[in-house]
Amino acid sequence: MLRIGVRNLASLWKSPNSFLGVTSPPASNPRIVVETVRPLTFRCFSAKPFASSPASNPRIMAPSTAAGLVEDLLFDDEISTVPKTDTIPTPLQPGVVVYDGVCHLCHKGVKWVIKVDKDRKIKFCCLQSKAAEPYMSLCGVDRNDVERRFLFIEGPGLYHQGSTAALKVLYHLPFPYFVLSAFMVIPKPLRDAVYDYVAKRRYHWFGKDNDCLVLQEKELLDRFIDAEELLRRNQSAL
């Protein structure tokens, strides 16, 4: 038994293929080709390429860049549907007329608009009030500009002065008064020339007061955005 085991070990040492039952092909047979099996190799990817900058290795994208690309692909459609606007949101009210409150001609015009504006679309503010300052600042005009041509803030980012402001106010009035806004077809330089001619002479022709004339008719104050300020100022003057 021991002898057989020693003999097997010796044969295994000399020819392992014959011991395992594997026969090698004869070298003289040209039809039989011995194939050599290449060993499997495993490649490990280290984290070093990702640490390098995209500039040093253009084929490898940095994680932050890849994340940004994914976000662009996911949210590009959503962002493109958001409408763009150049208008900055503002708490100021639309449809406000800022005018010279001490001018008799201007005051008569305001009274007429309040009378015919049944829908109460138009609101007013005296130029002499502090409440008018944000509106003038928003429109990029100063007090001298508004004294020369009154200001109408039609909506966010939309304001008018002079003859255009007057016709825009008419446009918001009910029938038949809004028909008068058709005079907008007249060229603006011609309209403003007539407006400026009357505006320069309005004090001489119609007169002016020392304070806002609406204080003499307080029933109109509910259409003024500066009503509280005017009343406080009037009480302090008494």
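Tutor: What follows is a set of questions about labels and the values behind them. Keep in mind that this is a predicted model.

Student: What does the chain consist of?

Tutor: The chain has 10 helices and four strands. From the N terminus, the elements run α-α-α-α-β-α-β-α-α-β-β-α-α-α. Of its 238 residues, 28% count as buried. Among contacts between residues at least 6 apart in sequence, 62% join residues at least 24 apart.

Student: Why is V98 called buried?

Tutor: Its relative accessibility is 0%. Buried means under 20%. Therefore V98 counts as buried. This residue lies in strand β1.

Student: What does V98 touch, beyond residues up to four places away in sequence?

Tutor: V98 touches C125, L127, A132, Y135, V146, F150, L151 and I153.

Student: Why is R120 called partly exposed and not buried?

Tutor: R120 comes out at 47% relative accessibility. Buried is under 20% and exposed is over 50%. The value falls in between, so R120 counts as partly exposed. R120 sits in the loop between α5 and β2.

Student: What makes the phi of R120 worth a remark?

Tutor: Phi of R120 is near 55°. That is a positive value, in a residue other than glycine.

Student: How do you know that α8 is mostly covered?

Tutor: Count its buried residues: seven of 10. They are G162, S163, T164, A165, L167, V169 and L170. These buried residues pack against β1, α5, β3 (151–155), β4 (158–161) and α9.

Student: Which residues touch the most other members of the largest nonpolar core?

Tutor: This core has 24 residues, and V97, Y99, F124, V214 and F224 touch the most other members. The elements that give two or more residues to this core are β1, α5, β2, α8 and α10. A second, separate core has 12 residues, including C125, L127, V146 and I153.

Student: What is Y99 in contact with, beyond its neighbours within four places in sequence?

Tutor: Y99 is in contact with C106, H107, V110, F124, C125, C126, L127, Q128, F150, V214 and F224.

Student: How many aromatic pairs does the whole structure have?

Tutor: A search finds six. One of them joins F124 and F224.

Student: Why is the pair of F124 and F224 called tilted?

Tutor: Start with the distance. The centres are 5.7 Å apart, and a pair needs centres within 6.5 Å. Now the angle. The planes are 35° apart. Stacked means under 30 degrees and edge-to-face means over 60.

Student: What lines the largest pocket?

Tutor: The pocket has a volume of about 800 Å³. Its lining has 29 residues, of which L105, G109, F150, A166 and Y195 lie nearest the centre. Helix α9 gives the largest share, seven residues. By kind, the lining has 21 nonpolar, two polar and six charged residues.

Student: Where is the cis peptide bond?

Tutor: The cis peptide bond joins F175 and P176, with omega about 5°. P176 lies in the loop between α8 and α9.

How values were computed. Residues numbered from 1 in each chain as written. Predicted model: local features only at pLDDT ≥ 70, side-chain atom pairs only at ≥ 80, totals over all residues. Heavy atoms only, no water. Core = buried A, V, L, I, M, F, W, Y, C linked by side-chain atoms within 4.5 Å. Buried < 20%, exposed > 50% of the residue type's maximum accessible area, 1.4 Å probe, protein only. Contact = heavy atoms within 4.5 Å. 1 Å grid on protein atoms, 1.4 Å probe; cavity = no way out; pocket = protein on both sides within 12 Å on 5 of 7 lines; lining within 4 Å. Points joined across faces, edges and corners; volume = space filled by probe spheres on them. Nonpolar A, V, L, I, M, F, W, Y, C, P; charged D, E, K, R; others polar.
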